[in-house]
Amino acid sequence: MSAEKMKIEIDAITKGFTDARGKVLPVVGGIGLQVAEGEFLAIVGPSGCGKSTLMNMLAGFEQPDAGSVRIDGRPVSGPSPKAIVISQQGSVFPWLTVQQNLMFGLNGTAHAETAQERAALADHYAAMVGLKGFENAYPHELSGGMLKRVELARAFIVKPDILYLDEPFSALDALMNMRMRNELLRILAEERHTVLLITHDVEEAIYMADRIVVLSPRPTTIQASFTVDMPHPRRIASVQAQQLREAILAQLGL
Amino acid sequence: MTSRTTRWDSWPARVVPPMLVIGAIVALWWWVVARDDSAIFPTPWAVLTGAWELVKDGTLFEHIGASLMRVGIGFGLALVVAIPLGLWMGWVTPAYRTLNPLFQMLRPISPIAWIPLAILWFGVGNVSPVFLIFISSVFPMVVQTISGVHTIERRYLRAAANFGVPRSVLFRQVVIPAVLPEVVVGMRIGIGVAWLVVVAAEMIALHSGLGYLIMDSRNAGNRYDLVVASMVIIGLIGLLLDGLTRLLERLKTVRWRYVR
């Protein structure tokens with residue numbers, strides 16, 4: 001692939017944390033990675049390997065100690081609406097209605113000028129994720145799965161180039177988890193985004209991603225990379241998927 | 001919201017038990033006074049007729065009105081100062097580090113201790129009690145607002161940073177609504193302290209108000225029926241004020257904090 005098509009370029013980033021005694025604990029130990037425009041990349045790693053630290057650096061919430069992250073060739077210096085993070089705990093504002101939550105992100109962009117345009121856009125995206133009729137509900141009136149839909153819609157409405165998903169569905173029950181995977185793929189088929197998914201769930205990665213990168217334990221580096229060459233909708237029970245799963249689990253030492 | 005109408009939530013279940021306790025205390029009081037044949041301590045009936053006297057000649061409502069007006073002005077001023085100050089000190093760390101030690105020093109000083117200074121500075125008019133109410137209710141509200149800012153969950157601030165919203169939107173749609181439940185808690189504490197202080201202040205410096213009524217009833221012929229009547233009325237109005245601030249907890253933008 002040529003360099004100008006690369007959406008995200010991660011160049012040998014490292015990050016360590018200093019503990020109470022002043023000792024430096026290396027967490028991310030030199031990761032280099034390129035993600036193409038429109039690619040769905042999954043990053044799989046053992047718990048506590050520094051996945052979330054990596055995500056924080058990509059999203060601009062933390063700066064790497066060494067190396068750089070570039071988006072469209074420009075170094076990331078802080079968070080930006082061009083790359084929206086969706087994390088496990090979620091961050092739907094409990095004091096705003098669904099519609100107000102969806103309109104929140106539009107304050108920082110020029111996608112909609114008037115209040116009516118914003119409300120119309122919010123309603124469009126609410127319908128898209130299956131929240132029609134809940135526009136005026138408050139988050140505490142919604143189920144966990146519906147909250148995730150709000151979170152996804154709030155991200156999609158600002159038309160981000162990149163979605164960073166940090167174990168987005170792991171707080172949901174197994175059925176809702178699988179339902180949300182399909183929802184996400186359906187929306188991505190309508191609106192193509194570059195997606196970087198961080199997960200410890202190998203099947204989730206195989207079900208959705210174009211490419212899977214396996215991280216090593218701390219200080220984490222890239223241990224292996226797999227291309228998922230299967231058409232959608234994928235079947236986890238298929239021989240090909242199961243072989244891939246075995247290979248990834250072997251890399252994780254299982 | 002999920003409906004949780006157990007039998008403990010129905011209104012008789014909430015009203016009857018406290019009424020029974022109060023009724024038992026009044027009965028005990030009546031029985032003890034009747035048995036001792038006290039010349040000075042009033043029976044509940046004497047308190048009731050004494051209070052009715054004050055209602056009839058209109059002085060009771062004048063006293064209540066005077067006390068409430070002082071609380072209203074002092075508490076209102078405290079609210080107007082405390083919320084912006086608390087937001088600022090909570091958000092700007094150097095401001096917090098600079099001012100917090102001073103506030104923590106001033107806060108434990110009983111408002112009663114300020115009475116001599118208040119009289120020295122403002123005399124015995126209306127300004128002294130308003131000042132005392134301000135002093136006593138401003139600190140809890142500032143402290144509560146600061147703690148509200150400090151306990152905003154980082155995920156919400158990160159989401160706001162992620163969407164790159166302007167500062168005005170950050171404050172209007174994230175910081176202020178996130179802090180509002182703590183402000184309501186601060187208001188409840190503040191109005192409680194304010195009501196406590198107005199009565200104490202009026203006992204010493206003034207010629208109107210429920211605190212004055214208590215002292216005047218005692219001084220003008222040992223009218224202990226009116227002393228006790230005033231105490232009961234102070235208690236009832238305190239209950240009412242707390243109930244009114246609790247209504248704020250029902251606001252839609254605040255309720256998220258009280259469910260689940």
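Visitor: Hi! Which residue in strand 10 of chain A is the bridge partner of A:Arg211?
Guide: That's A:Thr227. Strands here are DSSP runs of E with at least two residues, helices are runs of H or I with at least four, and both are numbered from the N terminus. One heads-up: this is a predicted model, where local features need pLDDT of at least 70, side-chain atom pairs count only at pLDDT 80 or more, and totals for chains, interfaces and linings use all residues. Residues are numbered from 1 along each chain as its sequence is written, while chains are lettered from A and ligands numbered from 1 in the order in which they are written.

Visitor: Okay, how many bridges join strand 9 of chain A to strand 10 of chain A?
Guide: There are 5, and the two strands run antiparallel. Strands pair if DSSP finds at least two bridges between them. A hairpin of 6 residues links strand 9 of chain A to strand 10 of chain A.

Visitor: And what does A:Arg211 of strand 9 partner in strand 3 of chain A?
Guide: A:Leu41 is its bridge partner. Strand 3 (residues 40–44) of chain A and strand 9 of chain A run parallel, joined by 4 bridges.

Visitor: Is strand 9 of chain A mostly covered or mostly uncovered?
Guide: Mostly covered: 4 of the 5 residues in strand 9 (residues 211–215) of chain A are buried. Buried takes 20 or more other C-beta atoms within 10 Å of a residue's own, exposed is 12 or fewer, and partly exposed lies in between, with C-beta atoms placed from the backbone.

Visitor: Switching to chain B, how many helices and strands does it have?
Guide: Chain B has 11 helices and 0 strands. Its C-alpha trace spans about 75 × 55 × 30 Å along the principal axes, and 35% of its 260 residues are buried.

Visitor: At what angle do helix 3 and helix 6 of chain B pack?
Guide: About 30°, with the axes of helix 3 (residues 59–91) and helix 6 (residues 127–150) of chain B 7 Å apart. That makes helix 3 of chain B roughly parallel to helix 6 of chain B. Angles under 35 degrees count as roughly parallel, over 145 as roughly antiparallel, 65 to 115 as roughly perpendicular and the rest as oblique. Axes are lines fitted to C-alpha atoms, for helices over the stretch in contact, and angles run from 0 to 180 degrees between N-to-C directions.

Visitor: How many residues does each chain put into the contact of chains A and B?
Guide: Chain A gives 21 residues and chain B gives 20. Contact means C-beta atoms, placed from the backbone, within 7 Å.

Note on methods:
Two residues are in contact if their C-beta atoms, placed from the backbone, lie within 7 Å.
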